[in-house]
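Please read the points below with the sequence and the structure open.

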Amino acid sequence: MTEPVRLAKRLAELVSCSRREAELYIVGGWVMVDGQVVEEPQFKVSQQKVELHPDARLEPVEPVTILLHQPSGHDAGMGANSAQQLLTADARAADDLSGILMLKQHFARLTPTAPLEANSSGLLVFTQDWRVARKLIDDAATVEQEYIVEVAGEMAPDGLKRLNHKFIFNGRTLPPAKVSWQNETRLRFALKGAQPGQIAQLCNSVGLKVLSMKRIRIGRVSMAKLQPGQWRYLAQHERF
């Protein structure tokens, strides 16, 4: 019996490359063991057939950004780790047009950005890209977010005008939101630097009660046709 060795060592011997290069091939999804892709350099092999894809490229795995449609009923108040558990292979949207090959490396060291309020749903963003993290965390006050808000009650006569005016929240004067009716029971809010509880308090101030909230856009990136519980990669041409 052959003593099991690390896949990275076996591959380095097979294709005459360094151990580091072998690891890059493996985590890049270019290596198969008995016909199955294996992405762990430490995976132990003995008599199995190890193959390197003929189109393999020797390059680091690029950082990715993932968009998730968090469904209603999945409590945002449970935190980012709970939402991240929804990022499974089966939940990837079939119409993801990013062209990105899904790798296990894409789900390591993801930074959650722009958390949703408790009891809300919609667009969540996880990223490995420091530029996206800086935009959505450090510069959050400059990024517009859009929500669809289901409400009940009767709005005050000048309610819509008041909703579109500057608003004092937690002792701070916030920039005006852009608010309009989507239909008889739903309001569309677009606002920068959204604060937890801000939309509910705005609605309460004009006689309305929030029944549900769904975030449909962050900056220039829309949730579009992404179905509840599904996720996709941010495409190369998309910018927040």
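Which residue with a positive phi follows α1? The residue is Ser16, whose phi is near 55°.

1. Basis of the note. This is a predicted model, in which local features need pLDDT of at least 70, side-chain atom pairs count only at pLDDT 80 or more, and totals for chains, interfaces and linings use all residues. Residues are numbered from 1 along each chain as its sequence is written, and side-chain values use heavy atoms, with hydrogens and water left out.

2. Ser16. Ser16 is not a glycine, although its phi is positive. The residue sits in the loop between α1 and α2; helices (H or I, at least four residues) and strands (E, at least two) are DSSP runs, numbered from the N terminus. Ser16 is exposed, its relative accessible area being 69%; buried means under 20% relative accessible area, exposed over 50%, and partly exposed in between (1.4 Å probe, protein chains only).

3. Helix α1. Leu7, Ala8, Arg10, Leu11 and Ala12 are the buried residues of α1. They pack against β1 (5–6), α2, β2, β4 (44–45) and β5, where contact means heavy atoms within 4.5 Å.

4. Helix α2. In α2 (residues 19–27), the buried residues include Ala22, Leu24, Tyr25, Ile26 and Val27. Their cover includes α1 (7–15), β2 (31–33) and β5 (50–52). After α2 comes Gly29, with a positive phi near 80°.

5. Asn119. Asn119 is a residue other than glycine with a positive phi, near 65°. Its place is the loop between β7 (111–113) and β8 (121–127). Asn119 is exposed, with a relative accessible area of 66%.

6. Pro175. The loop between β11 (172–174) and β12 (178–181) holds Pro175. This proline is partly exposed, at a relative accessible area of 45%. Pro175 and Gly193 are 18 residues apart in sequence, and their C-alpha atoms are 8.5 Å apart in space.

7. Surface charge. A patch of positive charge on the surface is formed by Lys135, Lys192, Arg220 and Arg239. Patches are made of residues with over 30% relative accessible area and no salt bridge, like charges being joined within 9 Å and nonpolar side chains (Val, Leu, Ile, Met, Phe, Trp, Tyr) within 5 Å. A salt bridge is a side-chain nitrogen of Lys or Arg within 4 Å of a carboxyl oxygen of Asp or Glu. Lys135 belongs to helix α4 (residues 130–138) and is partly exposed, with a relative accessible area of 33%.

Note on methods
Accessible areas come from the Shrake-Rupley method with a 1.4 Å probe; for residues, only the protein chains shown count as cover. Lys and Arg count as positive and Asp and Glu as negative; His and the chain ends are not counted. The place of a charge is taken as NZ of Lys, CZ of Arg, CG of Asp or CD of Glu.
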